[in-house]
Amino acid sequence: SGQEALDLLKNEAFDVVLMDVQMPVLDGRETTKKIREVLKLQIPVIALTAFSQPTEKQRCLDAGMDAYLSKPVKEKELFEILEVFAPVTVLSENLIDIHYLNGIATDNKEYIDTVILKIAETLPTETAALRQAVEANDHELVNRLSHDMKTTFAILGLDDSLSEPIRFLESWNATGKVNGKVKKMLELIESTGEKVINQIRENFSVDSIKN
């Protein structure tokens, strides 16, 4: 029912809501109104209904829904609309810009030692501290640590695939328990950190630089 949806949204974050218009207890339009007016959430809400008349579509939009799909839902249309309202963050395999770093670090043993390899050494500690701050619901510390990590990744010439999770945690304001969205963003940062460390170690070695 719509009430069950509201109860879930109070305690957990989602990327998008697929809202059946015809539901018991609280229908889709009334549920959406409560999402907007009571919960004050701007999460994308996609209407699902067997009625395809233009007037029905307008009623859904007037209730605060963002888009509309007719049932039976076609897979192609579903994925197209999800790509608009809940795009997937995909991390590329080559995260750091090796060419960029090689241009800076050429024959510069000190830079490699004090900057590049130092990041590989300290990044596990930084990500562990970030996890501890998230689990403690210390949003101010999470914001600060995320900001510092953004600077670290920028130094490495990291592509923008990590911008969404960093930006999310940098502005996260804890309200209640840690939700699924926070955990997802944290896991993306942790997995990216591991890949970055491996790529640094594969491509840079102080011993390989001329003295």
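This is a predicted model: local features need pLDDT of at least 70, side-chain atom pairs count only at pLDDT 80 or more; totals for chains, interfaces and linings use all residues.
How many bridges join β1 to strand β2, and which way do the two run? Four bridges, and the strands run parallel. β2 covers residues 45–49.

Now the whole sheet. There are three strands, in the order β1-β2-β3. The sheet is open, and the pairing is parallel. Which strands stand at the edges? Those are β1, residues 17–20, and β3, residues 67–70. Each has a single partner strand, so one side of each is left without a neighbour in the sheet. On average, neighbouring strands here are turned by 30° against each other, direction ignored.

Next, the helices on the sheet. Helix α3 spans residues 54–62 and packs on the sheet. α3 touches β2 and β3. Its direction makes about 140° with that of β3. Helix α4, residues 75–85, packs on the sheet too. What does α4 touch? β1, β2 and β3. The direction of α4 makes about 170° with that of β3.

R29 lies in helix α2, which runs over residues 28–37. Is R29 buried or exposed? Its relative accessible area is 14%. The cut-off for buried is under 20%, so R29 counts as buried. And what does R29 touch, leaving out residues up to four places away in sequence? The list is V21, E56, R59, C60, A63 and M65.

That is the tour. Questions, please.

Technical notes. Residues are numbered from 1 along each chain as its sequence is written. Side-chain values use heavy atoms; hydrogens and water are left out. Buried means under 20% relative accessible area, exposed over 50%, partly exposed in between (1.4 Å probe, protein chains only). Contact means heavy atoms within 4.5 Å. Two strands pair if DSSP finds at least two bridges between them. Axes are lines fitted to C-alpha atoms, for helices over the stretch in contact, and angles run from 0 to 180 degrees between N-to-C directions.
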